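This report describes a pocket and a handful of residues in one protein model, and then the chain as a whole. Please keep the structure in view while reading.

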Amino acid sequence: YAVQGKPFTDFTASPLSHYSSKEIDRGNRKGHLRMGGGSHGNLDAQAIYQFDITTLDALTLDLSLSGFKGKTGKDERYGDTDWTSRFYTNSSSLQYTHHLSNGADLYAKGTYANQLFNYRGAATVTDKQHNVMFDAAVGLTPYTAGSLTIEGEVAAKVFSQNYHTNLQKKLGETQFLAEGAASYAFTSNHGAGIETSATRFNYRNDELKDHTCLSFAPHYTYTDETIRLRLGVFTNIEGDIAPDIAFAYTIDKTSEVYFQARGYELENEMRYLAALNPYFILATPADEPLEANDEFHQVDARLGYRFKTKSGISADIYGGYDMSENHADILSVTPLRDGRCMPVIEFKKNKNIYFGAEFQYSYRDFLKLTGRNRLNIESTRQPWGWTEGSYITPAFTMDWQLDLRLVKDLYLGIDWQLDCYSLPKLEGKHPYALERKNTVLLGADLRYTLPLDFPATIFVRGDNLFCQKYDRYYGYQAPSANVMAGFALSF
C-alpha cells in the first residue's frame, strides 16, 4: 500500500473530504500508517488497521487528521490585510465485515468526523467554527444466488454546523436512507433489474422544509461479445420521468464506441453544499421554508470513443449535454453585520454542453502519464433569462500527472492543473465584485522506498509552486507555495 508505485497524489486528501472506511487488505498487509507535515501548518496523517476476528470476520479501524493554517495574502476583492486561513478535519471510522461463501459481504460501519475552520472578517463571533458529521450503515454487497443478484444498504447520516448565519438556530440535518438493487439473468445474454433509493430529510431549522426523496430505475440488459445494452427509465416521487439508456459497441479488442442518455438524482445534502463551499449560506425565502430537493438531471447524454494501443496508450474521448433542475451554484456574496463574507448558494435550472478527453500512457514501471481535459459551456436560469458561466465549474480544465522512476526505488511525481472560469454576467448591483481567477497550479514530489522488509516510503512534496493566487473555495484565497514531508508504511 505504501510501495513506490503508489501515485504521489494519493498521499494527500482534500481537507473537506468526508472519509467512509472500507476494508483495507492490500498485498496481504493489514495496517497502513501515513504522517506528513510542513509549511502553512500543513498536516496529513492516517492510521488504518484490520483486525481478523475469524477467517470470515474482520474489524477495520481508520483514524485520520488533515488540514492547513497559513496566511493567504491580501485579497483586493475585500481590501483587507493578510488573512490567516485555517481548516482542519479529523475522522474516526469503524467497520465490521462478514465474508459470505459466495464472495459477498455483510457489513456494518460508522464514521464520526469534525471540521474546524475560521472566517474572514469574523469580528463578533468566535473563529473556531465547527462542522460535525456522523454516518452509520448496514448493508450487503452484491449477493448472487443462481440467476438472481441483490445488494442494498440502510443508513443514517447527520450533519451539524455550530455557527449562526441567516438561520435562527445552528444548521442541523438528519437523513434516513435505504438503497437497493436487484437483477435477474433470464439467459446468458438477457436480463432485467431495478434500482431504488429512498431518503428522508429532517432539519432542526424552521427555515428549511423536511422532505422525502424516492426514486426507481427499472431496466432491461443485453450483453454479448460486441454489444452491451441497458434500456430503462428513471422516475421519482415528484413525478419526473427520464431515460436510462446505455449502449456500447466493441469494434475490436482495443476499442469501442458508446452512448448513454441517463436521468438521475444527486442529493443536495448539507455536507455536499459544505464541500462546494464550507462558508455557505442558503438563500431562504422570507415567506415560506426552503425545500432543498435533490438535483434532478432530466438527461445527461454522452457519445464517446474508448481505445487502447499496444504502445501503452489508452484514451476516452467524449462529448455530451446535461440538463438539470435544483442545481446548486454560487451567484452572490452577502456581508454579515459581524464582518463575515458569505457566499450564497441558490438552486437553479442548469444546462451544460461539454467535451472531454482523458488519456493514460504507461511504459513498464518507468513512466506513467495521465491527463484529464474538459470543456464546459454551462448556463444557469435566472429571472432575466439564461446566464452563461459558473463560479464553481471551470469553463475549461486540464489536469495532468506524471510519475517517473529516476533510479531504483526513487520516483518523481509532477502534477499540473489549469482551471479557466467563465464568470456569469449578473444584473443589478452587488456589494462585492464577483470574480473567480483562472489558475495554473504546479505540484511536485520525490519519494523513496526504503530497503526494508515491509513497504515504507519517505516523501517530500511541494504544492502551488507558481505561487498562484487562487480560491480554494469561492471567495477564500488559498495559501501560496507550500511544502510537506513525511512517510507512509504498511505492516
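The second largest pocket in this predicted model draws its lining from several strands: β7 (148-161), β8 (172-185), β9 (190-203), β10 (211-223), β11 (227-236) and β13 (255-266) each give at least two residues to it. The space in this pocket is about 530 Å³. Its lining is made up of 28 residues, and those closest to the centre are Glu 179, Glu 195, Thr 196, Ser 197 and Ser 215. Sorted by class, the lining holds 11 nonpolar, seven polar and 10 charged residues.

**Contacts in strands**

Ser 64 belongs to strand β3 (residues 57-71). Its side chain and that of Ser 91 are joined by a polar contact of 2.7 Å. Leaving aside residues up to four places away in sequence, Ser 64 touches Ala 45, Gln 46, Thr 89, Asn 90 and Ser 91.

Leu 367 is part of strand β18 (residues 367-382). Is this residue buried, partly exposed or exposed? Leu 367 has a relative accessibility of 21%, and it therefore counts as partly exposed, given that buried means under 20%. Along the chain, Leu 367 and Leu 404 are 37 residues apart, yet 4.6 Å separates their C-alpha atoms. Leu 404 is also among the residues that Leu 367 touches, together with Tyr 361, Ser 362, Leu 402 and Asp 403, when residues up to four places away in sequence are not counted.

**Residues in loops**

Lys 425 sits in the loop between β21 (410-420) and β22 (439-449). It counts as exposed because its relative accessibility is 72%, and the class exposed begins over 50%. The C-alpha atoms of Lys 425 and Gly 389 are 7.9 Å apart in space, while 36 residues separate the two in sequence.

Two other loop residues have a positive phi without being glycine. One is Asp 409, with a phi of about 70°, and the other is Cys 467, with a phi of about 55°. Asp 409 is in the loop between β20 (396-407) and β21, whereas Cys 467 is in the loop between β23 (456-463) and β24 (471-473). Cys 467 has a relative accessible area of 46% and so is partly exposed.

| Residue | Relative accessible area | Class |
|---|---|---|
| Leu 367 | 21% | partly exposed |
| Cys 467 | 46% | partly exposed |
| Lys 425 | 72% | exposed |

**The protein as a whole**

Of the 491 residues in the protein, 44% are buried. The accessible surface is about 23,600 Å², and carbon and sulfur atoms account for 59% of it. Among contacts with a separation of 6 or more, 60% are between residues 24 or more positions apart. The pair Leu 367 and Leu 404, in contact and 37 residues apart along the chain, is one example of such a separation.

Methods. Residues numbered from 1 in each chain as written. Predicted model: local features only at pLDDT ≥ 70, side-chain atom pairs only at ≥ 80, totals over all residues. Heavy atoms only, no water. 1 Å grid on protein atoms, 1.4 Å probe; cavity = no way out; pocket = protein on both sides within 12 Å on 5 of 7 lines; lining within 4 Å. Points joined across faces, edges and corners; volume = space filled by probe spheres on them. Helix = DSSP H or I, 4+ residues; strand = E, 2+ residues; numbered from the N terminus. Nonpolar A, V, L, I, M, F, W, Y, C, P; charged D, E, K, R; others polar. Buried < 20%, exposed > 50% of the residue type's maximum accessible area, 1.4 Å probe, protein only. Contact = heavy atoms within 4.5 Å. Areas by Shrake-Rupley, 256 points an atom, 1.4 Å probe, with all protein chains shown as cover. Polar contact = N/O pair within 3.5 Å; in protein donor to acceptor, adjacent residues only side chain to side chain.
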